[in-house]
Amino acid sequence: MDSEKSKILSEIEKRKLQQLSICLNKDVQYSKPTGFEHIELQYNALPEVDYDAIDASTKFLGRRFKMPLFITGMTGGCRLARKINENLAIAAETMGIGMGVGSQRAALEYPELADTYSVRHVAQNVFVFSNLGAAQILQYDMGQIRKAVDMIKADGLAIHLNAVQEAVQPEGDKMWNGVERKIAAIKKELKIPILVKEVGCGISGKVAARLEKAGVDAIDVSGAGGTSWAKAEFYRGAKYAEAYVDFGIPTANALEECAKATKLPLIAAGGVRNGLQVAKAIAMGATLGGFALPVLKPATESPQAVIQTLERFTEELKIAMFLVGAQNLSQLKGKFKRA
């Protein structure tokens, strides 16, 4: 490897490690809440269900999940990221749920980093989404996009919408004209499940309807209330980021809009921190509850630490189902009201 390429790789790994360090050690949470605090489940004091017989399994894009949980894409591109992705994958495989990886732009441009995203060697059966950014898909041809999927033997491709993050980054990609057409073209060409996801600022009902028309298979609303990437960029020194640290559609509001605007399966992510919030999301129309930050620190430790967090989410969800008298997730649908 020549010295210039080695220097670039070093800079990429340094930046990825810096982003992880900020999320692990700084307050990157939104100040404003998710909106789930205004949602109440309809309590049933006489539930008539057996807790141990509650079935929280579901189907998502043709695959059976033991629980309606999804670990959203976080990282890749450095040694710590490899450990995190492996631990997340082992836990997801054990629990029978799905996961995504972080943006694979670095690995497409520098294949030496591909192994930091790889999880199939530890998780043969887990449902995995590959991941590319909206701005980046404009720059890649179909062969390169397919390479990102094949690189990690993914089951589908997630395209993330991070307009706020790109706008405040000094090095951000701000040329977005044509993204919607490219998403439609990718779906037509690749013929694999396509998930479009925000990264924490939310997707409106109008955008969800446009995405459905473009042919996508699922949407992750990823609303405001969880990790603020504008805040993370502010910590990195982005001088225009501070004004946007609380910008976006709260998760519950985004979910409500999208559930009305489309019949696509929805992942509710963005500040989801317990199983009760997952239950509220499913009652409101989500198929899965998604999260990243709650399992990030455990993933730096071991698969068992991640599993413990997932087990907590699972039991909290089942308690919520028991308390509304829902034997399965279908019976949980609609059992909510605005507080």
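**Entry 1**

The cut-offs I used are under 20% relative accessible area for buried, over 50% for exposed and partly exposed in between, with a 1.4 Å probe and protein chains only. The model is predicted, so local features need pLDDT of at least 70 and side-chain atom pairs count only at pLDDT 80 or more, while totals for chains, interfaces and linings use all residues. Residues are numbered from 1 along each chain as its sequence is written, and side-chain values use heavy atoms, with hydrogens and water left out.

Which residue does Arg210 pair with in a salt bridge? I found Glu180, with the closest N and O atoms 2.6 Å apart. A salt bridge here is a side-chain nitrogen of Lys or Arg within 4 Å of a carboxyl oxygen of Asp or Glu. Glu180 lies in helix H7 (residues 179-190) and Arg210 in helix H8, so the pair ties together parts that are 30 residues apart in sequence. Helices (H or I, at least four residues) and strands (E, at least two) are DSSP runs, numbered from the N terminus. Glu180 is partly exposed too, with a relative accessible area of 34%.

**Entry 1: Ala214**

I stayed with helix H8 (residues 205-214), which holds Ala214. Is Ala214 buried or exposed? Ala214 is buried, because its relative accessible area is 12%. Not counting residues up to four places away in sequence, Ala214 touches Glu180, Ala184 and Lys187. Contact means heavy atoms within 4.5 Å. I also noted the C-alpha to C-alpha distance from Ala214 to Ala185, which is 8.4 Å for two residues 29 apart in sequence.

**Entry 2: other salt bridges**

I searched the whole structure and got 15 salt bridges. One of them joins the side chains of Arg79 and Asp115 at 3.4 Å, N to O. This pair links distant parts of the chain, 36 residues apart: Arg79 is in helix H2 (residues 79-95), and Asp115 is in the loop between helix H3 (105-109) and strand S6 (127-133). Arg79 counts as partly exposed at 45% relative accessibility, and Asp115 counts as partly exposed at 26%. Both residues belong to a network of salt bridges that links Glu13, Arg79, Arg82, Glu86 and Asp115.

I then checked Glu109 and Arg105, which form a salt bridge with their closest N and O atoms 3.4 Å apart. Why are they separated by about one helical turn? The reason is that Glu109 and Arg105 are four residues apart in helix H3. Glu109 is partly exposed at a relative accessible area of 39%, and Arg105 counts as partly exposed at 29%.

**Entry 3: two buried residues**

I looked at Gln165, which sits in helix H6 (residues 163-168). Gln165 is buried, with a relative accessible area of 11%. Residues up to four places away in sequence aside, Gln165 touches Trp229 and Glu233.

Next I took Ala283, in helix H11 (residues 275-284). Ala283 is buried, at a relative accessible area of 4%. Which residues is Ala283 in contact with, leaving aside neighbours within four places in sequence? I listed Leu41, Leu332, Lys333, Gly334, Lys335 and Phe336. Gly178 is 105 residues away from Ala283 along the chain, and their C-alpha atoms are separated by 35 Å.

I found Asp50 in the loop between strand S1 (39-41) and strand S2 (58-60). Asp50 counts as exposed because its relative accessibility is 56%. Tyr43 lies in the loop between S1 and S2 as well, and Tyr43 is exposed with a relative accessible area of 61%.

Glu48 is found in the loop between S1 and S2, and Glu48 is exposed with a relative accessible area of 69%. Its phi is positive, about 55°, although Glu48 is not a glycine. Lys153 also has a positive phi, near 55°, in a residue other than glycine. I placed Lys153 in the loop between helix H5 (142-151) and strand S7 (156-161). Lys153 is exposed, with a relative accessible area of 60%.
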